Amino acid sequence: MKFTRLGDLLIDAGVITDEQLGQALANQKKTKRRLGDELVQSGIITERQVVDALTMQLGIDFIDLTTTQIDPEMTKLVPKNLAKRYSVVPVRTRGDELYLAMSDPLNFIATEEVRAASRKRVVPMIAMQSGIDHAISQLYGTEGAKRAIREMQQEVSETSRERSGIKIAELGNESESSAPSIRLVDNIIERGISARASDIHIEPMEDEVHVRMRVDGLLRTEFNIPKELQQSLTSRVKVMCNMDVTERRIPQDGRAIVRVRMREADLRVSTLPTVHGEKIVMRILDREKKLNSAEELGFMGINLKRYNSLLNLKQGIILLVGPTGSGKSSTLFTMISRLNTEQVNIVTLEDPVEYNIEGVNQVQVNEKSGTTFASGLRSILRQDPDIIAVGEIRDQETADIAFRSAVTGHLVLSTLHTNDAVATLDRLDDIGVEPYMVSTALKGIISQRLVRRICPHCKETYIPTEEEMRSIGFDPDDPTLKGVEFSRGRGCAECYQTGYRGRIVVVETLTLDKGIKRALTARVSRPELMEAVEKSGFEPMIENCRSLVLQGITTTEEVQRVVFATEE
């Protein structure tokens, strides 16, 4: 294959113009990205257009790595550091040929290094960058962890053999056993980030240690670690997060910052003593995560309209409600990002501060030093705020201060743990907020859940049964639903055979009109309150769910799992 510059090749293929190439080359000098990445990131072309152009112009085969099974033995031909450095994946061999998936088949330095390492003639194949990242994570992730486990087992075995002939003072040479444990922990964290996990669980059992990861809200087992490696693994995590390595009897909290593929992530780490040792949970927070708009989160129709109208208010309190893990914090930060302008002073009170937002004054709750939600909120009121965001209302004192702030000219945003929008009114009464204060200060309640999206790579349509339609409230005899098709995911490598990839919010938005306010002040019965809510045009969450099912975004099974399972 003769040397050809990517820019010239894309111009010859008619994909870009000379002017667009010049613009990308100028930007490239500042960003230092590869030309192909620069063209895609600038929105001049799509990655698929680059792939199609290279396939056509160079006669190179395209390979979909999300559906290709690769023999783990391929890792012996191309080391992990080489695969990650050049974004290449060894696919298969035939005689003295090595078929190599590449995002940039014009990278001859990568080709030569792989040829030298494998001692085989390289046959380039082109693949999407997302597929390469997925394949590297799958192919080298497990392999790296297993190799570190083998080395740690070997060293533990050697140490145990030596114990019979050495003095106690000479035991536990940490320097010799640290390298494999460091690699194992790094591998677990990197794998979690690559898999888009929100949490990593390291759970000691009687005979082994389980490593599970929460992806799209559900835990799945990644692999198991021999019991004898538990202490080395735990010690490494504690050292990394500045915890007390010698303390094993009480829970500890720590944090660390890690960098994976030029992206930084925060780790919030918690240990908990159990009967089989210390359990570790690592919460992964992407420091460079882009805050989505309401539309990108999943707000639509009447809920989007009411969301926008609530954010146009200058005072009052807006509550985000739902169970743990329903995406309240993400929606709260989206609201703060939208309201963040030079003309307003926004102060947040969080536990912990999850995402740093430029221009927003963010306060960390620290109960050990006396900064609670209530005391912090009092201090914030002396800082001339326009908008106050309280991470969570947990008690009557915090609620009283928040509601009084809302009636004295401040816009207050906060979250509360309740199952639905109407139940929030009962919850506020239980906390001790007076009904007249609720009717005066409360402007709106957004209740939400997160349902998994159908994987776009293995999505298929089907004709639902009458029973399935009834399960989410559809009438099979409705003429408008005649011949309707639902969607589901078959399961593929891209979604780890689950049929789902990513999540979207389903919401219900209750805005308090005069009828609801009168009902609250009069302390009417629950049926009378529900009547006032229905008259306000309130649309329950299940309507949002049915819309997503009809659009082929989620499934009836997911709606039943997430929404119906948490209804009172």
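I take two strands as paired if DSSP finds at least two bridges between them. Helices (H or I, at least four residues) and strands (E, at least two) are DSSP runs, numbered from the N terminus.

**Entry 1: the model.** I am looking at a predicted model, where local features need pLDDT of at least 70, side-chain atom pairs count only at pLDDT 80 or more, and totals for chains, interfaces and linings use all residues. Residues are numbered from 1 along each chain as its sequence is written, and side-chain values use heavy atoms, with hydrogens and water left out. I looked up pLDDT, the predictor's confidence in each residue, from 0 to 100. The protein averages 84, and 91% of the residues score at least 70. Over residues 160–178 pLDDT stays under 50. For that stretch I find four contacts (heavy atoms within 4.5 Å) beyond four places in sequence.

**Entry 2: a sheet.** I followed three strands, which form an open sheet in the order β1-β2-β3 with mixed pairing. β1 (88–94) and β3 (121–126) stand at the edges with a single partner strand each, so one side of each is left without a neighbour in the sheet. On average, neighbouring strands of this sheet are turned by 30° against each other, direction ignored. For angles, axes are lines fitted to C-alpha atoms, for helices over the stretch in contact, and values run from 0 to 180 degrees between N-to-C directions.

**Entry 3: the pairs.** β2 (residues 97–102) runs parallel to β3, over six bridges. There I noted Tyr99 opposite Val123 in β3. Helix α6 (residues 108–118) packs on the sheet and touches β1, β2 and β3. Its direction makes about 140° with that of β2. β1 and β2 pair in the antiparallel sense, over six bridges, and Thr93 stands opposite Leu98 in β2. These two strands form a hairpin with two residues between them. In the turn, Gly95 has a positive phi of about 65°.

**Entry 4: a cavity.** I used a 1 Å grid over the protein atoms alone, where a cavity is a set of points where a 1.4 Å probe fits but cannot get out, and lining residues have an atom within 4 Å of a point. Grid points are joined across faces, edges and corners, and a volume is the space filled by probe spheres set on the points. I count two cavities of 30 Å³ or more.

Note on methods
1 Å grid on protein atoms, 1.4 Å probe; cavity = no way out; pocket = protein on both sides within 12 Å on 5 of 7 lines; lining within 4 Å.
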